[in-house]
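Colleague: Can you walk me through this model? I would like to start with what sits inside.
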Amino acid sequence: MEQIGFIGLGIMGRGMVANVQKTLPAVTVWNRTASRTQEFVAQGAQAAASPAELAAQSDVILICVSDTPDVEAVILGPKGVLSGIQPGTLVVDHSTISPRATRELAARLAEKGATFLDAPVSGGSEGAAKGTLSIMVGGEATDVERARPVFEAYGKTITHVGPVGSGQMVKLVNQILVVINELAVCEGLLFAQAGGLNLEKTLAAVTGGAAGSWMLANRGPQMIARDWRPGFTIDLQQKDLRLVLEAADEFGLPLIATSMVFHMYRALQSQGLGSEGNHALVKALEHMAGLQLGTDRPDGS
Ligand code: NAP
């Protein structure tokens, strides 16, 4: 049985590791804020003192941290994965980061005899906790098969999409679809509010039809309840759109709706809302419209 090491116990990593612990015995964890390892140690995991120590003990290393510089820090930094890794180790990055930096990291690991998969995920904190994530994987087919037992612990749809870097590219496609759909949910619900409709009944009526979507079903009710707790933060969503727009700029591709949402998120960050859930996008529209979802209902409900 391969020894598994997991780096990054944030909103996503926590759910993923909890599912790994249900199906696979040996897992070592490391997190920058060490106290977050305690609940997993209580369930039988080992805590490493550094990414290098974790790498020295692991055959398959999984990473889920925030942004490109953070993945670079845990792999290339002092006491990073690279300084402890053994030849033959497989490194899997579940974070959403730059496709270009991904290819460079894979090359650095190859110099040490290690292989690499970029395997960003979709499905939110709910998917990580329920083990139903979609995983889009770039790399060699043999490495995908090697990682599959771990992926199956928290993933429902595992798609090998091409060589290293293409997992991140597909994830960026996913993010274009997510945010434009989210904007549609915001506009639809604000229209309902302005027209005096009952928002819960409106959601119930449209969620199962052609307009239905994950975003509508999961974040629509949160918007109505004005529950801004994050499954995915505005800061991370804005980071993903930056990655999309950087790549689009390289291609010379105009992405009008995506850039608009990028700047709406930037405005919300400027108002100090970066740690709220990405569905707080509706606040940018509320500000323009001069009305709020879920309050001041014309029917008084
Ligand atoms: P999160 O809750 O903010 O957690 C971030 C994790 O990264 C924490 O464990 C944090 O450690 C660690 N970290 C950040 N910078 C670091 C650094 N420089 N060195 C070491 N560790 C560092 O984020 P998340 O929601 O789990 O997201 C993680 C990744 O998954 C991101 O790339 C995100 O885009 C992607 N993702 C998220 C979702 C979602 O719905 N949440 C969905 C799909 C993909 P500390 O505990 O010390 O802060």
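Modeller: One term before we start: two residues are in contact when they have heavy atoms within 4.5 Å. Also keep in mind that this is a predicted model.

Colleague: Fine. Which residues is Met16 in contact with, leaving aside its neighbours within four places in sequence?
Modeller: Those are Phe6, Cys64, His94, Val121, Ala128, Leu133 and Tyr154.

Colleague: And which residues of the largest nonpolar core touch the most other members?
Modeller: Met16 is one of them, along with Phe6, Leu62, Val92, Ile135, Phe151 and Tyr154. That core has 31 residues. Strands E1 (4–7), E2 (27–30), E4 (60–63), E5 (90–93) and E8 (133–138) each give two or more residues to this core, as do helices H1 (11–23) and H8 (141–154).

Colleague: Which element gives the most?
Modeller: Helix H8 does, with six residues. Apart from this core lies another one, of 28 residues, including Trp228, Phe262, Leu281 and Leu285.

Colleague: Changing topic. Where do the domains run?
Modeller: The domain assignment gives domain 1 as 4–164 and domain 2 as 175–289. Their C-alpha centres lie 28 Å apart, and the contact takes eleven residues from each domain.

Colleague: How much area is buried between domain 1 and domain 2?
Modeller: About 840 Å², and carbon and sulfur atoms give 49% of that area. Between the two domains there are also three salt bridges and five residue pairs in polar contact.

Colleague: How many salt bridges are there in the whole structure?
Modeller: Ten. Among them, Glu250 and Arg100 meet through their side chains at 3.2 Å, N to O. Asp67, Arg242 and Glu246 are linked in a network of salt bridges.

Colleague: What about Arg148 and Glu145, how far apart are their closest N and O atoms?
Modeller: 3.0 Å. The two residues are about one helical turn from each other, because they are three residues apart in helix H8. Arg148 is partly exposed at 25% relative accessibility, and Glu145 is partly exposed at 46%.

Colleague: And which residue does Arg226 form a salt bridge with?
Modeller: Glu286, with the closest N and O atoms 2.8 Å apart. Arg226 is in the loop between helices H11 (214–224) and H12 (234–251), while Glu286 is in helix H14, so the pair ties together parts 60 residues apart in sequence.

Colleague: Is Glu286 buried or exposed?
Modeller: Buried, at 6% relative accessibility, because anything under 20% counts as buried. Arg226, at 22%, is partly exposed.

Colleague: What about Lys239 and Asp240, how do their side chains meet?
Modeller: In a salt bridge, at 2.7 Å, N to O. Lys239 is buried at 5%, and Asp240 is buried at 0%.

How values were computed. Residues numbered from 1 in each chain as written. Predicted model: local features only at pLDDT ≥ 70, side-chain atom pairs only at ≥ 80, totals over all residues. Heavy atoms only, no water. Core = buried A, V, L, I, M, F, W, Y, C linked by side-chain atoms within 4.5 Å. Buried < 20%, exposed > 50% of the residue type's maximum accessible area, 1.4 Å probe, protein only. Helix = DSSP H or I, 4+ residues; strand = E, 2+ residues; numbered from the N terminus. Domains from an automatic or database assignment. Buried area = accessible area lost by both parts, 1.4 Å probe. Salt bridge = Lys/Arg side-chain N within 4 Å of Asp/Glu carboxyl O. Polar contact = N/O pair within 3.5 Å; in protein donor to acceptor, adjacent residues only side chain to side chain.
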